[in-house]
Amino acid sequence: MLGVAALGTECLIRSQFPPPAQVPASAQVATRAWAGRCAWRPGLERTTHSVTPAFGTVADVEIRPRRTDDLPGCVRMLAEVHEYDGYPNRWPDEPAKWLAPPNSVAAWVAEHDGRLVGHVVLTGRDEQLWVSRLFVDPSARGSKVGEALLRQARSRGVLMLDVVESSERAIALYERTGWTMVGRRDADWLMSDGTRPTERIYTSN
């Protein structure tokens, strides 16, 4: 999914949420639930990531905690990703809520020149943290934005993730960045064509 040599541009990770902004009514229900569960915890160390954007010139890509007012832009980006490569396989009825599941514990976005170009969520499941809703804007593919988002997520400790076995590009990203496959299982959901996919399970440990 991603992979061009980095050229040393810093991506700043903020250590706390900026003040919330106004959100369209359509996004308020989902974002209010997420904000109550996922308030950013102050005190995390500042980190930097080297990124070479694939959108013309080398510029800063900032990885920061997702704010409530980011959700409409995240939905627009998700629609572009869905159109480009079919993720998610089934378009959610309420995409803003899909991006902010009730078991979220943290979420980050990647931003370039005021435009969102990447997104990731951490969820709590079975007493473990799982990577979820990871996607990169098609215009930013090949720029290591996905790797930067994963590095930030991994700052929270040992993580798990699952990925559909047919998602070769995503699997290549995880294995290139040091994730270890620990098993396979049948998914607990159906594809749009009615088939049940096989998922690979990875750990960051």
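**Figure 1. Aromatic pairs in the predicted model.** Four aromatic pairs occur in this structure, which is a predicted model. One of them joins Y87 and F135, whose rings are tilted at 45° between the planes and lie 6.4 Å apart, centre to centre. This pair links distant parts of the chain, since Y87 belongs to the loop between helix 2 (71-85) and helix 3 (95-99), F135 belongs to strand 4, and 48 residues separate them. F135, by contrast, counts as buried because its relative accessibility is 2%. Through ring pairs, Y87, W98 and F135 are linked into a cluster.

**Figure 2. The ring pair of Y174 and Y202.** The planes of these two rings stand at 50° and their centres are 6.2 Å apart, so the pair of Y174 and Y202 is tilted. Y174 lies in helix 5 and Y202 in strand 7 (residues 198-203), so that distant parts of the chain, 28 residues apart, are linked. Both Y174 and Y202 are buried.

**Figure 3. Charged side chains over tryptophan rings.** R125 places its charged end over the ring of W130, at 3.9 Å from the ring centre. R133 lies over the face of W98, with a distance of 4.1 Å to the ring centre. W98 also belongs to the ring cluster with Y87 and F135.

**Figure 4. The largest nonpolar core.** This core comprises 26 residues, and those with the most contacts inside it are W108, V131, L134, V145, L149, Y174 and W179. Two or more residues each come from strand 1 (61-65), strand 2 (104-112), strand 3 (115-125), strand 4 (128-136), helix 4 (145-154), strand 5 (159-164) and helix 5 (168-176). Helix 4 gives the most to this core, namely five residues. Leaving aside residues up to four places away in sequence, V131 touches V120, V121, L122, L150, L159, M160, L161 and W179. Another core lies apart from this one and has 12 residues, among them L71, M77, A96 and L116.

Figure 5. How many of the 10 residues of helix 4 are buried? Eight of the 10 are buried, and the helix is mostly covered. The buried residues are V145, G146, E147, A148, L149, L150, Q152 and A153. Their cover includes strand 1, strand 2, strand 3, strand 4, strand 5 and helix 5. In an α-helix with 3.6 residues a turn, residues three or four places apart point the same way.

Figure 6. Strand 2 is mostly covered, with eight of its nine residues buried. Strand 1 and strand 2 run antiparallel and are joined by five bridges; V61 stands opposite H112 of strand 2. Eight bridges connect strand 2 with strand 3, also in the antiparallel sense, and V109 has H119 of strand 3 as its bridge partner. The hairpin of strand 2 and strand 3 has two residues between the strands, and within this hairpin D113 takes a positive phi near 50°. Strands of a sheet pair through backbone hydrogen bonds.

Figure 7. The seven strands form an open sheet in the order 1-2-3-4-5-7-6, with mixed pairing. Strand 1 and strand 6 (180-186) are the edge strands, each of which pairs on one side only. On average, neighbouring strands of the sheet are turned by 25° against each other, direction ignored. Strand 6 and strand 7 pair through six bridges in the antiparallel sense, and the bridge partner of G183 in strand 7 is I201. Helix 5 packs on the sheet, where it touches strand 4, strand 5 and strand 7, and its direction makes about 155° with that of strand 5.

**Figure 8. The chain as a whole.** Five helices and seven strands make up the secondary structure elements of the protein chain. Along the sequence, these elements follow the pattern α-β-α-α-β-β-β-α-β-α-β-β. Of the 205 residues in the chain, 48% are buried. Among contacts between residues at least 6 apart in sequence, 68% join residues at least 24 apart.

Conventions. Residues numbered from 1 in each chain as written. Predicted model: local features only at pLDDT ≥ 70, side-chain atom pairs only at ≥ 80, totals over all residues. Heavy atoms only, no water. Core = buried A, V, L, I, M, F, W, Y, C linked by side-chain atoms within 4.5 Å. Buried < 20%, exposed > 50% of the residue type's maximum accessible area, 1.4 Å probe, protein only. Helix = DSSP H or I, 4+ residues; strand = E, 2+ residues; numbered from the N terminus. Contact = heavy atoms within 4.5 Å. Phe/Tyr/Trp six-rings, centres within 6.5 Å; stacked < 30°, edge-to-face > 60°. Lys NZ or Arg CZ within 6 Å of the ring centre and 35° of its normal. Pairing = 2+ DSSP bridges. Axes fitted to C-alpha atoms, helices over the stretch in contact; angles between N-to-C directions.
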